[in-house]
Each structure stands twice: as C-alpha cells, then as structure tokens.
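Student: Could we go through this structure together, one question at a time?

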Amino acid sequence: MIIFSRYGEYERRSFIEECFEKYVDVMSKTKLAGELAISSGNNNKPYFKDYPNIRFSMSHSADLVVLAMADTEVGIDIEFNKPRDYENVVERHFFEGEKKEIVDLSTFYKFWTRKEAFLKFTSEGLSGLSKADVSLELVFNGDKLVFTTLDIFEGYIGSVVAKEQPIIYVKLD
C-alpha cells in the first residue's frame, strides 16, 4: 500500500491520475527490485507469476550460464564444445535434412542446440526431440521463428529461437 498526500488546493481527477502514475512507477520498481515469483506452466516451463508477458529461457553447460528474456516466447540452449561421439545421436534423433547438414562436431552442436532451444520454446522438452526438424523454416502458432547461432562464447556454441527481433547481449560480471 502507498499513501499519497498533498498540502494545498488540488483538482480531484488530476490528483488521482498523478497518484495512479506514481503508484505504477513505484510498484514496477519495487517489484522488480525484490524477489520474483517463478511459477511453472505447460510441461513445467517457468514463468514470472507477476509478469506473464516477460518470457525467459535458461541454459548452462560447463561453467557458462545463459538466460534469454523477451516479450515473446523464447528458447535458448548452450553447449560446451567438447569432443564426443555424436553419430549415434544424429542417427536416432535427427531428420534427413538435418543429417545432410551435419558434417562435423561443430555443425552437430549447431543443430543440437537449435533442437534444444526449439523444444524449450515449445515447452516440449527432450520428449519432442524426434518431432522437431530444425533444418526447415519453423512456424509456431502462426509465427515465423528465427534461429540465431550463439558463437560469441569461446569454446561454446548455442542457439536462441524466437520471433524475429533485435538481440542485445549483456555480459554480467
């Protein structure tokens, strides 16, 4: 609760409007400065209870964590680029169009992170792994989606997927 006061003359409607504007301003600052309540939605996908229009997705690998926030649905995945046998994974979980693109470990990670980012976007999780062909143009609920490869972290590769929009990168210390 906030109690407003003013000395002297006032015009009722102007006073109410001014108080409302200040209330909204103060509440937005104090709520965001405090603890955010995170709830679970479809398939336990997290969201901010008090800010349902702010979407986020998080991923971590080795010692790197990334979080994407947007005012549209978003999915992100990051992987540490370490040697691994990937051929069996490709054979079991990738579509023919994807298989043609995967020529080495780097392209495997590119497509793997696209798949995971998309499955986070849709909130299907790994259960939808064999359903998502990320070599095709993807449309979800009528919206065209755009994949952006994240190759800005040395030793890591990642992908973020959302409706087309500018991306700003902020490194936190």
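**Strands and their surroundings**

Tutor: Let's start with a pairing: Phe80 has Tyr156 of β8 as its bridge partner. Keep in mind that this is a predicted model.

Student: In which sense do β5 and strand β8 pair, and over how many bridges?
Tutor: Strand β8 covers residues 156-163. Its pairing with β5 is antiparallel, and the number of bridges is seven.

Student: Which side chain of opposite charge is nearest to Glu79, and how far away is it?
Tutor: Glu79 lies in strand β5, residues 74-80. Glu79 is buried but has no salt bridge. A salt bridge would need a side-chain nitrogen of Lys or Arg within 4 Å of a carboxyl oxygen. The nearest side chain of opposite charge is Arg84, at 5.5 Å.

Student: Is Pro46 buried, partly exposed or exposed?
Tutor: Pro46 belongs to strand β2, residues 46-48. Buried means under 20% and exposed means over 50%. Pro46 has 35% relative accessibility, so its class is partly exposed.

Student: What separates the C-alpha atoms of Pro46 and Phe56?
Tutor: Leaving out residues up to four places away in sequence, Pro46 touches Ile38, Ser39, Ser40 and Phe56. Pro46 and Phe56 are 10 residues apart along the chain, and their C-alpha atoms are separated by 7.8 Å.

Methods
Residues numbered from 1 in each chain as written. Predicted model: local features only at pLDDT ≥ 70, side-chain atom pairs only at ≥ 80, totals over all residues. Heavy atoms only, no water. Helix = DSSP H or I, 4+ residues; strand = E, 2+ residues; numbered from the N terminus. Buried < 20%, exposed > 50% of the residue type's maximum accessible area, 1.4 Å probe, protein only. Lys, Arg positive; Asp, Glu negative; His and termini not counted. Contact = heavy atoms within 4.5 Å. Pairing = 2+ DSSP bridges.
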